[in-house]
Amino acid sequence: MAGGTQLWPVVDLADLLDVLDLGEVGPGRFRARNVSSTLPSTLGSQTLAQAVVAAERTVPHMAVQSLHGVFPRGGYADREVDVEVEVVQSGRALATVQVTFRQDAREHARVLAMLSVEEPDFLAHGAALPADVPGPEQCAELPCALLPWEVRTFGGADAVALDLSAPPTLDIWMRCDKAPDLPGIARALLAHGSEAFLGPVAMRPYPQAEIARRGGRGAAALLAQTITFHRPFTLHDWLLLRCESPFAGSGRMYERMQIFTRTGELVASVDAHGVMRASV
């Protein structure tokens, strides 16, 4: 994935929702397919979304609170996937499951998820959304084929233009009112959507001419991602993804993200680690 959005894979919302409808073949065992896109490999974002669904169907009285996914190798987009959920621990308030994705006995992704029942606040605080962040009405559309819903940022597509040099930060608004307004679907779609900006934000300080001078066009891929859901939310209203890449080097990039409602409530946080190399 390069810094501009034109190289992102194209995903259809109906197709994405369909691949989240996992076929159960036994206790903790599911058969799934991959979303159709313009890439020959499985999308890590889709895998995270399916992990949310698989975990919550295996422990149905709880909701995913956090998940950590690792992607040691690429999967094949044109092959079905065996999804296996191992319940590591399940109690009254918390459960931990491991979700494994295999094709032809070849594992290509693994997700460790913690689930929780809803509990009342004992202590409560959260990061505050700065008052000067432009709202969605002040932002322009950002074409993002990987996210088949409304996406906006200040400056629109120009904000991630390949010839731009800017700090490795980006504020993204997104809303999906065409998907079912269900908490589990919202968590799955947010898990999918939060992966999209790892490469563009990390590469934002380097215009295309600088990438070329360093010997390539730039390529980025996800290696691991952690998502923590703090509060319930709906994707039928705008969410703000505050993205930053504090580090890039040694062929790697790191990004973190805070996700707010439009009223300023922190509802989720993301940490992601990826590979970034010249691709010639």
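Which residues are linked with Glu84 in a network of salt bridges? I started my notebook with that. The model is predicted, and every value below is computed from it.

**Entry: the network**

I found Glu84, Arg102, Glu107 and Arg110 linked in a network of salt bridges. I then took the pairs in turn. Glu84 bridges to Arg102, with their closest N and O atoms 2.9 Å apart. That pair links distant parts of the chain. Glu84 belongs to strand S4 (residues 81–90), and Arg102 belongs to strand S5 (residues 94–103). The two sit 18 residues apart.

Arg102 has a salt bridge with Glu107 as well, and there the closest N and O atoms are 3.9 Å apart. I noted that this falls within the 4 Å limit for a salt bridge.

Next I looked up accessibility. Glu84 has 34% relative accessibility and counts as partly exposed. Arg102 is also partly exposed, at 23%. Is Glu107 buried or exposed? Its relative accessible area is 17%. Buried means under 20%, so Glu107 counts as buried.

**Entry: a bridge between loops**

I counted salt bridges over the whole structure and got 20. One of them joins the side chains of Glu137 and Arg262, at 2.6 Å from N to O. This pair also links distant parts of the chain, 125 residues apart. I placed Glu137 in the loop between strand S6 (106–116) and strand S7 (140–141). Arg262 lies in the loop between strand S12 (252–261) and strand S13 (266–277). Glu137 has a relative accessible area of 55% and is exposed. Arg262 is partly exposed, at 34%.

**Entry: a buried arginine**

I turned to Arg204, in the loop between helix H4 (198–202) and helix H5 (208–213). Arg204 is buried, yet it has no salt bridge. How far away is the nearest side chain of opposite charge? That side chain is Asp171, 8.7 Å away. The limit for a salt bridge is 4 Å, so Asp171 does not qualify as a partner.

I checked what the side chain of Arg204 does reach. The backbone oxygen of Pro167 is at 3.2 Å. The backbone oxygen of Thr169 lies 2.5 Å from a polar atom of the Arg204 side chain.

**Entry: the largest pocket**

I looked for open space next. The largest pocket holds about 890 Å³. Its lining has 30 residues, and the closest to the pocket centre are Gln65, Phe229, His230, Arg231 and Pro232. Strand S3 (63–70) and helix H3 (183–193) each supply at least two residues of this lining. By class, I read 16 nonpolar, 7 polar and 7 charged residues in the lining.

Among the buried ones are Ile185, Ala186, Arg187, Leu189 and His192.

**Entry: enclosed cavities**

How many cavities of 30 Å³ or more does the structure hold? I found 2. I sorted the lining of the second largest cavity by class: 8 nonpolar, 1 polar and 1 charged.

How values were computed:
Residues numbered from 1 in each chain as written. Predicted model: local features only at pLDDT ≥ 70, side-chain atom pairs only at ≥ 80, totals over all residues. Heavy atoms only, no water. 1 Å grid on protein atoms, 1.4 Å probe; cavity = no way out; pocket = protein on both sides within 12 Å on 5 of 7 lines; lining within 4 Å. Points joined across faces, edges and corners; volume = space filled by probe spheres on them. Nonpolar A, V, L, I, M, F, W, Y, C, P; charged D, E, K, R; others polar. Helix = DSSP H or I, 4+ residues; strand = E, 2+ residues; numbered from the N terminus. Buried < 20%, exposed > 50% of the residue type's maximum accessible area, 1.4 Å probe, protein only. Lys, Arg positive; Asp, Glu negative; His and termini not counted. Polar contact = N/O pair within 3.5 Å; in protein donor to acceptor, adjacent residues only side chain to side chain.
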